[in-house]
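Look at the sequence and the 3D view before reading on.

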Amino acid sequence: MKTAGKSAEAPYYDLTGIWKSSIFGEMKLRQSGNRVTGVYDCNDGQIEGVVEGSRFIYDWWEQAPGRPYKKAFKTHRGDGYFDISKNGKRLTGKWRLEGVKKWGGNWQFSWRSNLRVKKIN
């Protein structure tokens, strides 16, 4: 759908960089195409997923440093999403445990590194 000559599709962002949360510490992300991988301070957390428009949809797992998602205990893994702000410098979203329908909590991160975070057209 188009409105006023512009696509209603949300912009696509490169999330590569260091992000900061007052609750979860730092999160370091690297993006290639629409695929994103990273780590975060809380419980040796790992995260990976894809950017679709202005949303980052991911799987997360903790307490399994360097190991894949399925090697983490079910009580330490799940999925979630971040909505990317229009300026690309804030991530706001929710997470939940694997197999649970109800969202478990909120995540908020602000971009803090001098690595690039750019809008890709």
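This is a predicted model: local features need pLDDT of at least 70, side-chain atom pairs count only at pLDDT 80 or more; totals for chains, interfaces and linings use all residues.

Residues are numbered from 1 along each chain as its sequence is written, and side-chain values use heavy atoms, with hydrogens and water left out.

Strands of a sheet pair through backbone hydrogen bonds, either parallel or antiparallel. Here a strand is a DSSP run of E with at least two residues, numbered from the N terminus, and two strands pair if DSSP finds at least two bridges between them.

In this model 8 strands close into a barrel, in the order β4-β5-β6-β7-β8-β9-β10-β11, with antiparallel pairing. Neighbouring strands of this sheet are turned by 30° against each other on average, direction ignored; the axes used are lines fitted to C-alpha atoms, and angles run from 0 to 180 degrees between N-to-C directions.

| Strand | Partner strand | Bridges |
|---|---|---|
| β4 (residues 17-21) | β5 (residues 25-32) | 5 bridges |
| β5 | β6 (residues 35-40) | 6 bridges |
| β6 | β7 (residues 45-52) | 6 bridges |

β4 and β5 form a hairpin with 3 residues between them. Within this pairing, I18 has K28 of β5 as its bridge partner.

The hairpin of β5 and β6 has 2 residues between the strands, and G33 there takes a positive phi near 65°. Which residue in β6 is the bridge partner of S32? The partner is R35. R35 also stands opposite V50 in β7.

How values were computed: Helices (H or I, at least four residues) and strands (E, at least two) are DSSP runs, numbered from the N terminus.
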